[in-house]
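These are my notebook entries on a structure that is new to me. I set down what I looked up, one topic at a time.

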Amino acid sequence: MLTEEERHRAAEDILRAETERKAIPQLSRTFPAMEIEDAYRVQDLWAEARIAKGARMVGHKIGLTSRAMQMASKMTEPDYGRILDDALYNDGAQIPADAFLKPRLEVELAFIMGEDLEGPGARIYDVMRATEFVTPALEIIDYRTEVPRAIVDTIADNAAFAAIVVGGRTIRPMDVDIRWVGATLSKNGIIEESGVSAAIMGHPAAGIAWLVNKLHAVDAKLEKGQIVLAGSFTRPVDIAAGDVIHADYGPLGAIGVSFV
(Lines give C-alpha, C1' and ligand atoms only; values in the text may rest on other atoms or scores of the structure.)
Protein backbone atom coordinates (compact mmCIF):
# COMPACT_ATOMS: atom_id res chain seq x y z
CA MET A 1 0.00 0.00 0.00
CA LEU A 2 1.03 3.60 -0.61
CA THR A 3 1.01 6.53 1.72
CA GLU A 4 -1.45 9.34 1.00
CA GLU A 5 1.50 11.52 -0.02
CA GLU A 6 2.60 8.93 -2.59
CA ARG A 7 -0.94 8.72 -3.93
CA HIS A 8 -0.97 12.50 -4.39
CA ARG A 9 2.38 12.35 -6.18
CA ALA A 10 1.06 9.63 -8.52
CA ALA A 11 -2.04 11.70 -9.35
CA GLU A 12 0.16 14.71 -10.08
CA ASP A 13 2.24 12.56 -12.44
CA ILE A 14 -0.88 11.56 -14.38
CA LEU A 15 -2.03 15.18 -14.55
CA ARG A 16 1.36 16.25 -15.86
CA ALA A 17 1.36 13.55 -18.54
CA GLU A 18 -2.12 14.60 -19.61
CA THR A 19 -1.19 18.27 -19.80
CA GLU A 20 2.16 17.80 -21.53
CA ARG A 21 0.91 15.01 -23.84
CA LYS A 22 3.93 12.94 -22.89
CA ALA A 23 3.78 9.45 -21.38
CA ILE A 24 5.33 8.99 -17.96
CA PRO A 25 7.04 5.87 -16.56
CA GLN A 26 4.59 3.30 -15.22
CA LEU A 27 3.30 4.19 -11.79
CA SER A 28 3.76 0.54 -10.87
CA ARG A 29 7.51 1.07 -11.37
CA THR A 30 7.68 4.45 -9.67
CA PHE A 31 5.57 3.16 -6.77
CA PRO A 32 6.19 -0.63 -6.60
CA ALA A 33 3.97 -1.02 -3.53
CA MET A 34 0.89 0.27 -5.39
CA GLU A 35 -2.19 -1.94 -5.04
CA ILE A 36 -5.61 -1.73 -6.68
CA GLU A 37 -7.05 0.24 -3.76
CA ASP A 38 -4.24 2.77 -4.19
CA ALA A 39 -4.88 2.98 -7.92
CA TYR A 40 -8.54 3.88 -7.45
CA ARG A 41 -7.53 6.47 -4.85
CA VAL A 42 -5.09 7.99 -7.35
CA GLN A 43 -7.94 8.12 -9.86
CA ASP A 44 -10.06 9.92 -7.23
CA LEU A 45 -7.35 12.50 -6.67
CA TRP A 46 -6.87 13.02 -10.42
CA ALA A 47 -10.61 13.59 -10.85
CA GLU A 48 -10.76 15.96 -7.88
CA ALA A 49 -7.96 18.04 -9.39
CA ARG A 50 -9.64 18.19 -12.81
CA ILE A 51 -12.98 19.14 -11.24
CA ALA A 52 -11.28 21.84 -9.15
CA LYS A 53 -10.09 23.37 -12.46
CA GLY A 54 -13.63 23.51 -13.83
CA ALA A 55 -14.45 20.10 -15.28
CA ARG A 56 -17.70 18.44 -14.29
CA MET A 57 -18.25 14.71 -13.78
CA VAL A 58 -21.05 13.44 -16.02
CA GLY A 59 -20.74 9.68 -15.74
CA HIS A 60 -18.65 6.54 -15.67
CA LYS A 61 -16.94 4.11 -18.03
CA ILE A 62 -16.47 0.38 -17.55
CA GLY A 63 -13.46 -1.43 -18.97
CA LEU A 64 -12.12 -4.98 -19.11
CA THR A 65 -15.58 -6.41 -19.73
CA SER A 66 -14.30 -9.31 -21.84
CA ARG A 67 -12.75 -12.40 -20.29
CA ALA A 68 -9.83 -12.19 -22.73
CA MET A 69 -8.95 -8.65 -21.58
CA GLN A 70 -9.30 -9.63 -17.92
CA MET A 71 -6.92 -12.53 -18.40
CA ALA A 72 -4.44 -10.31 -20.24
CA SER A 73 -4.55 -7.87 -17.32
CA LYS A 74 -4.53 -10.64 -14.68
CA MET A 75 -7.88 -9.43 -13.38
CA THR A 76 -11.02 -11.36 -12.47
CA GLU A 77 -13.43 -8.43 -12.90
CA PRO A 78 -13.85 -5.21 -14.91
CA ASP A 79 -12.48 -1.82 -13.90
CA TYR A 80 -14.06 1.63 -14.06
CA GLY A 81 -13.25 5.30 -14.57
CA ARG A 82 -14.96 8.67 -14.76
CA ILE A 83 -16.37 10.66 -17.67
CA LEU A 84 -15.82 14.43 -17.46
CA ASP A 85 -17.82 16.95 -19.46
CA ASP A 86 -14.82 18.27 -21.39
CA ALA A 87 -14.36 14.82 -22.95
CA LEU A 88 -17.79 14.68 -24.68
CA TYR A 89 -18.16 14.85 -28.47
CA ASN A 90 -21.18 14.53 -30.74
CA ASP A 91 -21.71 12.72 -34.03
CA GLY A 92 -20.00 14.61 -36.84
CA ALA A 93 -17.31 16.15 -34.63
CA GLN A 94 -13.86 17.03 -35.89
CA ILE A 95 -11.63 15.86 -33.06
CA PRO A 96 -8.07 17.14 -32.65
CA ALA A 97 -5.81 14.11 -32.69
CA ASP A 98 -3.08 15.96 -30.81
CA ALA A 99 -5.37 16.16 -27.77
CA PHE A 100 -4.27 12.57 -27.08
CA LEU A 101 -1.02 10.64 -26.83
CA LYS A 102 -1.78 7.42 -28.74
CA PRO A 103 -5.57 7.19 -29.12
CA ARG A 104 -7.60 4.13 -30.01
CA LEU A 105 -11.31 3.74 -30.63
CA GLU A 106 -13.86 1.23 -29.30
CA VAL A 107 -17.52 0.53 -30.17
CA GLU A 108 -19.89 0.68 -27.20
CA LEU A 109 -23.37 1.47 -25.93
CA ALA A 110 -24.03 4.32 -23.52
CA PHE A 111 -26.75 4.12 -20.87
CA ILE A 112 -28.36 7.38 -19.74
CA MET A 113 -29.71 7.03 -16.22
CA GLY A 114 -33.34 8.02 -15.65
CA GLU A 115 -33.08 7.73 -11.88
CA ASP A 116 -30.49 7.20 -9.17
CA LEU A 117 -29.31 3.63 -8.73
CA GLU A 118 -27.28 2.30 -5.83
CA GLY A 119 -26.23 -1.04 -4.41
CA PRO A 120 -25.74 -3.43 -2.88
CA GLY A 121 -27.30 -6.29 -4.79
CA ALA A 122 -28.01 -4.43 -8.05
CA ARG A 123 -28.91 -6.73 -10.94
CA ILE A 124 -29.44 -6.39 -14.68
CA TYR A 125 -33.17 -5.74 -14.32
CA ASP A 126 -32.47 -2.95 -11.81
CA VAL A 127 -30.22 -1.29 -14.38
CA MET A 128 -32.82 -1.67 -17.13
CA ARG A 129 -35.53 -0.21 -14.91
CA ALA A 130 -33.36 2.77 -13.90
CA THR A 131 -32.14 3.52 -17.44
CA GLU A 132 -34.02 6.15 -19.44
CA PHE A 133 -32.20 5.84 -22.76
CA VAL A 134 -29.55 3.75 -24.50
CA THR A 135 -27.57 5.24 -27.37
CA PRO A 136 -24.66 4.22 -29.61
CA ALA A 137 -21.31 5.56 -28.47
CA LEU A 138 -17.62 5.41 -29.29
CA GLU A 139 -14.99 5.51 -26.59
CA ILE A 140 -11.57 6.98 -27.28
CA ILE A 141 -9.07 5.28 -25.02
CA ASP A 142 -5.59 6.61 -24.33
CA TYR A 143 -2.79 5.85 -21.91
CA ARG A 144 -0.65 8.37 -20.09
CA THR A 145 1.92 5.79 -18.97
CA GLU A 146 4.57 3.80 -20.79
CA VAL A 147 4.38 0.07 -21.61
CA PRO A 148 4.20 -2.60 -20.35
CA ARG A 149 1.42 -1.58 -17.96
CA ALA A 150 0.15 -3.33 -14.86
CA ILE A 151 -3.54 -3.18 -14.00
CA VAL A 152 -2.83 -0.55 -11.34
CA ASP A 153 -1.38 1.70 -14.06
CA THR A 154 -4.58 1.47 -16.08
CA ILE A 155 -6.91 2.05 -13.12
CA ALA A 156 -4.94 5.02 -11.82
CA ASP A 157 -4.99 6.42 -15.37
CA ASN A 158 -8.81 6.70 -15.23
CA ALA A 159 -9.18 3.23 -16.74
CA ALA A 160 -7.59 4.56 -19.96
CA PHE A 161 -10.60 6.78 -20.69
CA ALA A 162 -9.91 9.76 -22.95
CA ALA A 163 -13.20 10.81 -24.60
CA ILE A 164 -16.67 9.68 -25.67
CA VAL A 165 -18.62 10.31 -28.88
CA VAL A 166 -22.40 9.82 -28.87
CA GLY A 167 -24.76 9.65 -31.82
CA GLY A 168 -27.10 7.40 -33.74
CA ARG A 169 -30.61 6.56 -32.61
CA THR A 170 -31.57 7.04 -28.97
CA ILE A 171 -33.80 4.20 -27.74
CA ARG A 172 -35.50 3.20 -24.53
CA PRO A 173 -33.91 0.12 -22.96
CA MET A 174 -36.85 -2.17 -23.80
CA ASP A 175 -37.26 -0.95 -27.41
CA VAL A 176 -34.91 -3.64 -28.73
CA ASP A 177 -33.06 -6.63 -27.35
CA ILE A 178 -29.91 -4.74 -26.42
CA ARG A 179 -27.96 -7.98 -26.09
CA TRP A 180 -28.00 -8.25 -29.86
CA VAL A 181 -27.03 -4.80 -31.07
CA GLY A 182 -24.50 -5.30 -33.86
CA ALA A 183 -22.04 -2.77 -35.21
CA THR A 184 -19.22 -2.37 -37.71
CA LEU A 185 -16.37 0.08 -37.29
CA SER A 186 -14.83 1.54 -40.44
CA LYS A 187 -11.67 3.63 -40.74
CA ASN A 188 -11.13 5.52 -43.98
CA GLY A 189 -13.78 3.41 -45.72
CA ILE A 190 -12.42 0.02 -44.62
CA ILE A 191 -14.23 -2.10 -42.02
CA GLU A 192 -11.69 -2.75 -39.28
CA GLU A 193 -13.89 -4.34 -36.60
CA SER A 194 -17.37 -5.74 -36.01
CA GLY A 195 -19.13 -7.12 -32.99
CA VAL A 196 -22.33 -7.69 -31.06
CA SER A 197 -23.23 -6.21 -27.68
CA ALA A 198 -23.78 -9.62 -26.01
CA ALA A 199 -19.98 -9.83 -25.94
CA ILE A 200 -20.15 -7.43 -22.99
CA MET A 201 -20.45 -9.94 -20.14
CA GLY A 202 -23.43 -11.59 -21.85
CA HIS A 203 -25.56 -8.44 -21.49
CA PRO A 204 -24.53 -4.75 -21.72
CA ALA A 205 -26.31 -4.00 -18.44
CA ALA A 206 -24.32 -6.66 -16.55
CA GLY A 207 -21.26 -4.46 -16.27
CA ILE A 208 -23.37 -1.55 -15.07
CA ALA A 209 -24.88 -3.70 -12.32
CA TRP A 210 -21.32 -4.64 -11.33
CA LEU A 211 -20.37 -0.95 -11.29
CA VAL A 212 -23.32 -0.01 -9.08
CA ASN A 213 -22.27 -2.58 -6.50
CA LYS A 214 -18.61 -1.49 -6.64
CA LEU A 215 -19.61 2.14 -6.16
CA HIS A 216 -21.67 1.20 -3.11
CA ALA A 217 -18.48 -0.05 -1.46
CA VAL A 218 -17.05 3.50 -1.67
CA ASP A 219 -20.31 5.24 -0.66
CA ALA A 220 -21.18 6.29 -4.22
CA LYS A 221 -23.94 5.58 -6.71
CA LEU A 222 -25.14 6.26 -10.26
CA GLU A 223 -27.14 9.46 -10.47
CA LYS A 224 -30.04 10.53 -12.66
CA GLY A 225 -28.79 11.98 -15.95
CA GLN A 226 -25.36 10.37 -15.79
CA ILE A 227 -23.85 8.59 -18.80
CA VAL A 228 -22.44 5.09 -18.34
CA LEU A 229 -20.29 3.50 -21.05
CA ALA A 230 -21.04 -0.21 -20.76
CA GLY A 231 -17.84 -1.59 -22.31
CA SER A 232 -16.50 -2.34 -25.75
CA PHE A 233 -17.74 -5.12 -28.01
CA THR A 234 -14.93 -4.70 -30.54
CA ARG A 235 -11.18 -4.64 -30.29
CA PRO A 236 -9.65 -1.14 -30.16
CA VAL A 237 -8.62 0.47 -33.44
CA ASP A 238 -5.67 2.87 -33.68
CA ILE A 239 -6.52 6.36 -34.88
CA ALA A 240 -4.46 9.34 -36.03
CA ALA A 241 -4.85 12.74 -37.66
CA GLY A 242 -6.54 12.41 -41.06
CA ASP A 243 -8.62 9.35 -40.15
CA VAL A 244 -12.35 9.32 -40.88
CA ILE A 245 -14.38 6.97 -38.67
CA HIS A 246 -17.82 5.51 -39.35
CA ALA A 247 -19.55 3.18 -36.88
CA ASP A 248 -22.71 1.57 -38.30
CA TYR A 249 -25.17 0.22 -35.72
CA GLY A 250 -27.80 -0.88 -38.26
CA PRO A 251 -31.31 0.00 -36.99
CA LEU A 252 -29.74 2.16 -34.26
CA GLY A 253 -28.12 4.48 -36.78
CA ALA A 254 -24.49 5.48 -37.14
CA ILE A 255 -21.74 7.68 -35.75
CA GLY A 256 -19.25 9.50 -37.92
CA VAL A 257 -16.26 11.55 -36.75
CA SER A 258 -12.97 12.73 -38.20
CA PHE A 259 -9.60 13.33 -36.57
CA VAL A 260 -7.73 16.46 -37.56
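**Entry 1: strand pairing.** I began with Ile95, which stands opposite Phe259 in S13. The model I am reading is predicted. Strand S13 covers residues 254–259 and runs parallel to S4, with two bridges joining them. I then followed S13 to S12: these two strands run antiparallel and are joined by five bridges. Within that pair I found Ile245 opposite Val257 in S13. The next pairing I looked up was that of strand S8 (residues 182–187) with strand S12 (residues 244–248), which is antiparallel and has four bridges. There, Ser186 stands opposite His246 in S12. I noted for reference that strands of a sheet pair through backbone hydrogen bonds, either parallel or antiparallel.

**Entry 2: the sheet as a whole.** In what order do the strands of the open sheet lie? I read the order as S4-S13-S12-S8-S9, five strands with mixed pairing. The edges are strand S4 (94–95) and strand S9 (190–196), each of which pairs on one side only. I also looked at the hairpin of S12 and S13, where five residues lie between the strands. In this hairpin Gly250 takes a positive phi near 60°.

Entry 3: Ala159 has a positive phi, near 55°, and is not a glycine. I located Ala159 in the loop between H6 and strand S7 (161–166). Is Ala159 buried or exposed? Its relative accessible area is 3%, so I recorded Ala159 as buried, the cut-off being under 20%.

Asp219 is another residue other than glycine with a positive phi, about 60°. I found Asp219 in the loop between helix H7 (204–216) and strand S10 (227–229). The relative accessibility of Asp219 is 77%, and therefore I recorded this residue as exposed, for which the cut-off is over 50%.

**Entry 4: cis peptide bonds.** Which peptide bond ending at Pro120 is cis? I found that the bond runs from Gly119 to Pro120, with omega near 5°. Pro120 lies in the loop between strand S5 (104–113) and helix H5 (124–130). I also noted a cis bond joining Val147 and Pro148, where omega is about -5°. The loop that holds Pro148 lies between strand S6 (131–141) and helix H6 (151–156).

**Entry 5: overall form.** I counted seven helices and 13 strands in the secondary structure of the protein. The C-alpha atoms fill a box of roughly 50 × 45 × 35 Å along the principal axes.

I then looked up the contacts between residues at least 6 apart in sequence, and 75% of them join residues at least 24 apart. Buried residues make up 52% of the 260 residues.

**Entry 6: surface and charge.** The accessible surface comes to about 11,600 Å², and 51% of this area belongs to carbon and sulfur atoms. For charge, I recorded 28 positive and 39 negative side chains. The centres of these two sets lie 2 Å apart.

Key: Residues numbered from 1 in each chain as written. Predicted model: local features only at pLDDT ≥ 70, side-chain atom pairs only at ≥ 80, totals over all residues. Heavy atoms only, no water. Buried < 20%, exposed > 50% of the residue type's maximum accessible area, 1.4 Å probe, protein only. Contact = heavy atoms within 4.5 Å. Areas by Shrake-Rupley, 256 points an atom, 1.4 Å probe, with all protein chains shown as cover. Lys, Arg positive; Asp, Glu negative; His and termini not counted. Charge placed at Lys NZ, Arg CZ, Asp CG, Glu CD. Pairing = 2+ DSSP bridges.
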